[in-house]
Amino acid sequence: MFFNSLLTNFAALEVGQHLYWQIGNIRLHGQVFLTSWILLGALLVFISLGTKKMENDPKGLQNLLEFLWDYIRDLSRTQIGEKVYRDWMPFIGTLFLFVFVSNWGGALIPWRLIKLPSGELGAPTADINTTIALALLVSLSYFYAGLSNKGWRYFEYYVHPTPIMLPFKILEDFTKPLSLSFRLFGNILADELVVGVLVFLVPLILPIPVMFLGLFTSAIQALIFATLAAYYIGEAVEEHH
Amino acid sequence: MLAFNFFGATEGGLFDINATLPLMAIQVVALTYILNSLFFKPVGNVVEKREKFVSNNIIEAKNKLSEVKKLEADLLTQLQSARTEAQRIVSEAENESDKLYKEALELANNEANASKEKARLEIESQTSAARDQLYKQADDLSELIVNRLILEK
């Protein structure tokens, strides 16, 4: 049966298989850490090379890094506002860079060539643990931002236009991390699966446009994640009048 | 079909949440601090220093421009006043020379009139003198003629 064979093919993609590391009582997804260390290592090497010799007239890598810095500053400034964006810019920038590097690294590097005993290497953001970790960090951040900037007045936000909003605002605190994590996870995993299935079925040419689409989606997802995180923080520190 | 055990798997599955989550969170927080000291702070310092430099230069240039404009306006008013001053002097001189000319003309006219009058008076006196002389001579002649005629008789 065609459907059955398709399922078997899917199974050949090893969806949901992990390389388990056992440390004492806790179990980790080793492939997520391996890829994230490789990618973050590359990112850090890239950044230290670019910031090694900073000049007033930027050249080469420094130019690119300054463009990136300016981009992140604009993003956080428009979302968080002039007053406190400086405190949160590194966090927003790290989210953007982490998600972007993970997505593109997962899509561009032929991880399939490295054989693991179980599971396979891929984008760290295609693992639900990573995206939930990021989303929870965002939640903690906006609570911290709101409380540290406005104290207990932060909770006025929950009854802001009218107290009728209270249940919806409380619900939002749960839906925000949920949507953040599942959006990123779903997009990146779906992209990997589509490319994987296409490569499996038609190994030539056909997957290439889908791969480009995947790169586009990856970049957009990084931007969306960082923008939404900044927006939530901005919403928490915003003064209501 | 183990691979399709998406939900609630004790081993594996897409939604297998375990200690990877908190460790990844710690890793991202650490990355935030590392990137802050390696990337955001140094690049921010350089960019903001340059932005300050550029904005300072722009302010300085604007100040200089306004100073230049002020000086230009100053010069223009000075030029204007010099021009009107010159015009005033020229018209004054013109008036002066006009007056002098008129005075000289009048003086000359008067002098000419006076000498004309003098000459006329002289001519008149000479004419009357000559006439008197003529009359006298005529009288003398007539007396002579009368005497001759009387004597001949």
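Let's start with P209(A), which is exposed because 10 other C-beta atoms lie within 10 Å. By that I mean 12 or fewer such atoms within 10 Å, while buried takes 20 or more and partly exposed is in between, with C-beta atoms placed from the backbone. P209(A) lies in helix α7 of chain A. Its C-alpha atom is separated by 9.7 Å from that of V195(A), 14 residues apart along the chain.

A word on what you're looking at: this is a predicted model, where local features need pLDDT of at least 70, side-chain atom pairs count only at pLDDT 80 or more, and totals for chains, interfaces and linings use all residues. Residues are numbered from 1 along each chain as its sequence is written, and chains are lettered from A and ligands numbered from 1 in the order in which they are written.

Now, let's stay with α7(A), residues 207-237. Helices here are DSSP runs of H or I with at least four residues, strands are E runs of at least two, and both are numbered from the N terminus. Which helix comes within 8 Å of α7(A), axis to axis? That is α5(A), residues 128-150, and the two axes cross at roughly 25 degrees. Axes are lines fitted to C-alpha atoms, for helices over the stretch in contact, and angles run from 0 to 180 degrees between N-to-C directions. So α5(A) is roughly parallel to α7(A), a label for angles under 35 degrees.

On the α5(A) side, the residues that meet α7(A) include Y142(A) and N149(A), and across from them Y232(A) and I233(A) are among the partners. Contact means C-beta atoms, placed from the backbone, within 7 Å. This contact has 8 nonpolar, 3 polar and no charged residues. Nonpolar covers Ala, Val, Leu, Ile, Met, Phe, Trp, Tyr, Cys and Pro; charged is Asp, Glu, Lys and Arg; the others, Gly among them, are polar.

Helix α3(A), residues 61-80, also packs on α7(A), at about 35 degrees with axes 7 Å apart. L75(A) and Q79(A) are among its contributors, and α7(A) brings residues including A230(A) and G234(A).

On to the strands: β1(A), residues 20-23, and β2(A), residues 26-29, pair antiparallel over 4 bridges, where pairing needs at least two DSSP bridges. W21(A) stands opposite L28(A).

Finally, the chains: 35 residues from chain B and 40 residues from chain A make the contact. Chain B's side has 24 nonpolar, 9 polar and 2 charged residues.

How values were computed
Contact = placed C-beta atoms within 7 Å. Parallel < 35°, antiparallel > 145°, perpendicular 65-115°, else oblique.
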